[in-house]
Amino acid sequence: MSETVITRFAPSPTGYLHIGGARTALFNWLYAKHTGGKFLLRIEDTDQARSTESAILAIIDGLRWLELDWDGEPVYQFARAERHREITEQLLAEGKAYRCYASPEELAAMREKTRAEGRASGYDGTWRERDASEAPAGIAPAIRFKAPREGETVIEDRVQGCVVFANKDLDDLIILRSDGSPTYNLSVVVDDHDMGITHVIRGDDHLTNAARQTQIYRALGWETPVFAHVPLIHGPDGTKLSKRHGALGVEAYWEMGYLPSALRNYLVRLGWSHGDAEIISTEEMISWFDLDAIGRSAARFDFAKLENLNGHYLRAMPDGEIVHQLRALVLHLPDGAALGKRIGDNGWGKLERAMPGLKERAKTLVELLENAEFLFATRPLKLDDPAKKLLDATGQETLTHLLPRLTSIVPWKAEALETCVRSFTEETGSKLGKVAQPLRAALTGKATSPGIFDVLEVLGRDESLARIKDHIIAT
């Protein structure tokens, strides 16, 4: 085996890159980075009927958004079908595989018989030792692997420990269908061998496949990679992860406004830990990650924890970087073109200036954008119900008296604006809230916003005064 660790992520492009697949990719990426090895990407598109170009693009885009870079070009499994058939012919020639002429009806009868006898359903080996001269006319054979029938197949798994399979429970699986197409277990073994994969890190739903693949490795005289089968992710209630729990595509998390750094941090903690560390930088993940720290119990997905973690990353992120993330998100969203046009070229700078107040009040980029809507709103602003209550007759009167004071402020800076408003409250015997709240409603259309003096400065003199004038006209 190569001294260099080589891992791989091998998704089937029959749908989006789901959250469990993203964690598998992350674990493989981290282990390769931790050991100074390589991380490869293989698209397992042998099921051409279900594989789609859009799913391939969704997987690649999802990995890129998560910032999980791979070495070299992606390998497409379907393109290697001739190599898989070549190995099948080798196994046939060595007597380690055989042609099976069983009809679909015969296979159905076998399954029914084993079910009636209370045994695991599987192929009974009817054609294992029969001569091809007995083959019925007009039937194209499938090629089956001649699996060992005695003894055990043992997997020394880095996560699950020693896992033992009785060979009598593993039937002779088809490695080449009657139409000449290779099947999953053969293709995976050949590709992993040819790509030099040293460590296979994947979900524990592949444990039985590991036993079958180990048998094929041994039949071919190839060294078996190190296996590490990770428990699946469950919902917060302990049941199988579903869409209501968060079994969504990575793209959906992007569109919901999560940061890739936060999602990486959250995913790495689903089944792996390093002491009590909760907030873990990517550099720390790479430094600390090892297979031995992966637990054997299913991890539980919790949206509330992810949201809180994302809020932490958002508050810690430089304002310019948040704007960069927002620009990428707006470009990606289905209605992003209209939103981008509304923000305009000048709006991004305005958004960055408002960021210190905005990021403290949001847990996702989408929530931040919603809170920043007032920056790009057209006049006259639509008021939500709490804002309407603040701009009652008393609120409008307060702003009517405040407006001349604000008009005289030069330069239009938060400090000078605050001094002006506080002087006004002292002279009129008002409380700051009684002045700031109707002012906030007029400027943002809402009862909540970043600090009101920061809002005034970011909106600018002309826009601020115009918005106030819009809402002091008697209704």
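Modeller: A term to start with: buried means under 20% relative accessible area. Also, this is a predicted model.

Biologist: Fine. Which residues are buried in helix 20?
Modeller: Helix 20 spans residues 461-470, and its buried residues are Ser464, Leu465, Ala466, Arg467 and Ile468.

Biologist: And what covers the buried residues of helix 20?
Modeller: The cover includes helix 14 (373-376), helix 16 (393-407), helix 18 (432-444) and helix 19 (452-459).

Biologist: Switching to helix 8 and helix 10. At what angle do their axes cross?
Modeller: Roughly 135°, with the axes of helix 8 (residues 260-268) and helix 10 (residues 303-316) coming within 9 Å. Angles over 145 degrees would count as roughly antiparallel, so helix 8 and helix 10 are oblique to each other.

Biologist: Is that crossing left-handed or right-handed?
Modeller: Helix 8 crosses helix 10 in a right-handed sense.

Biologist: Which residues meet there?
Modeller: From helix 8, Ser261, Ala262, Leu263, Asn265 and Tyr266; from helix 10, Lys305, Leu306, Leu309, Asn310 and Tyr313. By class, the contact of helix 8 with helix 10 has 6 nonpolar, 3 polar and 1 charged.

Biologist: Next, Tyr184. Where is the place of Tyr184?
Modeller: Tyr184 belongs to helix 5 (residues 184-194). Its relative accessibility is 25%, so Tyr184 counts as partly exposed.

Biologist: What does Tyr184 touch?
Modeller: Leaving out residues up to four places away in sequence, Tyr184 touches Glu44, Arg202, His206, Asn209 and Gln213. With His206, the side chain of Tyr184 makes a polar contact of 3.4 Å.

Biologist: How far apart are Tyr184 and Glu463 in space?
Modeller: 63 Å, C-alpha to C-alpha, and Tyr184 and Glu463 are 279 residues apart in sequence.

Methods:
Residues numbered from 1 in each chain as written. Predicted model: local features only at pLDDT ≥ 70, side-chain atom pairs only at ≥ 80, totals over all residues. Heavy atoms only, no water. Buried < 20%, exposed > 50% of the residue type's maximum accessible area, 1.4 Å probe, protein only. Helix = DSSP H or I, 4+ residues; strand = E, 2+ residues; numbered from the N terminus. Contact = heavy atoms within 4.5 Å. Axes fitted to C-alpha atoms, helices over the stretch in contact; angles between N-to-C directions. Parallel < 35°, antiparallel > 145°, perpendicular 65-115°, else oblique. Left-handed = near helix turned anticlockwise from the far one by under 90°. Nonpolar A, V, L, I, M, F, W, Y, C, P; charged D, E, K, R; others polar. Polar contact = N/O pair within 3.5 Å; in protein donor to acceptor, adjacent residues only side chain to side chain.
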